[in-house]
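Hi,

Here is the structure I said I would pass on.

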Amino acid sequence: MILTISTNHHRASDLGYLLHKHPDRLQSVTLSVGKAHIFYPESGVDRTTVALLLDIDPIDLVKNARKLSGKGFALGQYVNDRPYVASSFMSVALSKAFSTAMNGRCDTMPDLVDEALPFEVRIYTLPAPKGGQSLIKALFEPLGYRVQLDRYLLDEQFPDWGPSKYYTLSLANSIPLKDLLSHLYVLMPALDNDKHYFVSQNEVDKLLQRGKGWLEGHPQKEQIISRYLINLRSLTNQALARLNDPVEIDEQENLNQEEVDRKLSLHQQRLQRAFDELKKSGAKRVIDLGCGEGKLMRLLIRDKQFEKIVGMDVSYTELLKCKERLHWDDMAPRLRERLDLFQGSLMYRDERLSGYDAAAVVEVIEHLDENRLQAFERVLFEMARPKTIVLTTPNSEYNAKYEQLHAGSMRHDDHRFEWNRKQFWEWANAVAERNSYIVEITGVGESDEQFGSPSQIAVFKYGN
Ligand code: SAH
C-alpha cells in the first residue's frame, strides 16, 4: 500500500523542507499495526516525489482488533484485504509522518506554507465502496482536483472475471501542502467501508479539526462526515451541528438495496414477516444470523416472548452500528441481559450458534458465495439445528420492475447471486429434505402477476 506526492514546483526539492523529512534519509514511523516508511523515489530541483509506504503487520492487526473490541468481537479479521489496501491506516500514517506539515508549520520556509504548489498524488490499491468511481470524483473534484482512476482487474489472468473494487487514484491540484494533506486525511477514510478504528467522540474532533476551512463548503459534506463516522448517526449529527449546519441525515446514504427498497418499504415488510413467523413459532431464544445493524433485533426486543435475542454478523462495522442503534452502552440492565452480540461467520461450524429455538437469516444468503452454501447448510441446518429457521432472499424475477436496475443486474453490488422463485424453491426443499426439516415458502411484498413478490421467505421447521 503506497501513496506518493510529487511536485514540479520551480524548486521542487523544497518539498523536503515543507514535509520536515530529509530526501536522503529513509525514515519510519510506528503505527499500532505496523510501520510506515517515508522515502523519496526522486528528488531534484525539477521534480521531487515523496512516498509513504505502509507495512502493516497482520498479526498486530488482529491483536489490535481484540484490544479495541473487547468481549464478543474477538474473532478478529484474520482474512481480509487490510494489509494491502490504502485505507484508514494510510490516513493515520499520513498524520503521523507529516503532522507538522499538516498543521501548517515550516520554520525554514514559512512563506511556502500557504503557497499553492502544483501537486500530483497517487494512491495505489485504493478500495472503493459502492458507486466507487463517481463517489471518489464527487469527493475530490469540488476541491479542485483533477481525478484519474485506473481500476484493477480481479485477476489479470482471467480478464473475463471483470474489474475489482480496487483502483489507482491519481490526483492533481495546485494548493498549499497543508490543505492537500488535510483533504487526504479526511477523504481516504471516508472511502473506506471497513475501518479499523473504534469510532468515538475523538473522531468527531479530528474530523472537524482537519476539515476546517473546506469541509463546511463542500457539496458532499454530509456524505463525507457520515461515511467518516461509519454512518453512526448520533456522531454524524453532532459533527454536522458543530459545522454550523444541522442537517438531518438519512440512516443510509448509499445507493444500495435499502434505497431501492425504501420506496416500497419492502425491508420493513420483510422484517415484520420474519418477526411474525418467529412469534408464531413460540420461540423464546432467538438468534439473528447476519444481523447487520440489528433492525430485526429492535423489533424483537419489544416483545417479552423473546427472552434471549442474540445477533451475529461477520462484519465488525455492522456490529458497531448495531450497538449504536440499540443504544447498547446506556441500555437498562434488564434489557441488556436479554441481548447478546458476537462476531462470527456462517461459513464455519460454531458452537455459539447452538441452543436457540429459532434462527433468522434475513437477506443474508445472497451475500454468501453460491458454492459455499453447502457449508452454510451444514453449519445451520445440520449442526446448530434450531427448531425454526426463518430465511429470506430476493426474488430476482421481480428486478424487472425496478426502474433503477439494468436488466440482469442485482439489487445490491455485494449480492453474489439472486434467485428466481423456482431456484429458491428447489434449494429450500432440498435443504429441508436433507436435514429433516419441512419448509413453507411464500412471497413478501406486493405480488405481481408475472414476476411474483419482490422478496421470498422460507420457514423451516425441524422434525415434523
Ligand atoms: N439481516 C439484516 C442485514 C442484511 S445485510 C437485515 O435484514 O437488516 C447482510 C448481512 O449479512 C450483512 O450485515 C453482512 O455483514 C452479513 N454477512 C455476510 N456474510 C456473512 C457471513 N458469512 N456470516 C455472517 N454474516 C454475514
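**T48 and its surroundings**

Setting aside residues up to four places away in sequence, T48 touches I5, S6, T7, A12, S13, L15, Y40, E42 and S43. Before I go further, please keep in mind that this is a predicted model. T48 sits in strand β4, which covers residues 48-56. Is T48 buried or exposed? T48 has a relative accessible area of 1%, and the cut-off for buried is under 20%, so T48 counts as buried. The T48 side chain also comes to 3.4 Å from the backbone oxygen of A12.

Which backbone oxygen does the side chain of T7 reach? That of P118, at 2.7 Å. Again leaving out residues up to four places away in sequence, the contacts of T7 are A12, L15, D46, R47, T48, P118 and F119.

**The ligand**

The ligand is surrounded by 17 residues, and the closest are H267, G290, D313, L346 and V362. By type, that shell splits into seven nonpolar, seven polar and three charged residues.

- H267 uses its side chain: one of its N or O atoms is 2.9 Å from an oxygen atom of the ligand.
- L346 uses its backbone, with an N or O atom 2.9 Å from a nitrogen atom of the ligand.
- V362 also has a backbone N or O atom by a ligand nitrogen, here at 2.8 Å.

How much of the ligand does the protein bury? On its own the ligand would expose 570 Å², and the protein buries 85% of that.

In helix α5 (residues 132-140), the buried residues include G132, L135, I136, L139 and F140. Looking down the axis of α5, the buried residues fall within an arc of 120 degrees, so they line one face of the helix. What do they pack against? The partners are strands β5 (117-127), β6 (146-153) and β7 (163-175), plus helices α6 (177-191) and α8 (221-228).

**Some residues with more exposure**

V314 is in the loop between β9 (308-313) and α13 (316-325). V314 has 54% relative accessibility and counts as exposed. Not counting residues up to four places away in sequence, V314 touches Q343, G344 and S345. V314 and M347 are 33 residues apart in sequence, with their C-alpha atoms 9.7 Å apart in space.

S447 is in a loop too, the one between β13 (437-444) and β14 (455-462). S447 is exposed, at 56% relative accessibility. Apart from neighbours within four places in sequence, S447 is in contact with G452 and S453. The C-alpha atoms of S447 and Y398 are 9.1 Å apart, although 49 residues separate the two along the chain.

E382 lies in helix α15 (residues 373-384). Its relative accessibility is 35%, which makes E382 partly exposed. E382 touches E377 and N435, again not counting residues up to four places away in sequence.

**The chain as a whole**

The protein chain has 16 helices and 14 strands. Of its 464 residues, 53% count as buried. Taking the contacts with a separation of 6 or more, 71% are between residues 24 or more positions apart. The accessible surface comes to about 21,700 Å², and carbon and sulfur atoms account for 48% of that.

Cheers

Technical notes:
Residues numbered from 1 in each chain as written. Predicted model: local features only at pLDDT ≥ 70, side-chain atom pairs only at ≥ 80, totals over all residues. Heavy atoms only, no water. Near = heavy atom within 4 Å. Polar contact = N/O pair within 3.5 Å; in protein donor to acceptor, adjacent residues only side chain to side chain. Areas by Shrake-Rupley, 256 points an atom, 1.4 Å probe, with all protein chains shown as cover. Nonpolar A, V, L, I, M, F, W, Y, C, P; charged D, E, K, R; others polar. Helix = DSSP H or I, 4+ residues; strand = E, 2+ residues; numbered from the N terminus. Buried < 20%, exposed > 50% of the residue type's maximum accessible area, 1.4 Å probe, protein only. Contact = heavy atoms within 4.5 Å. Arc of directions from axis to C-beta.
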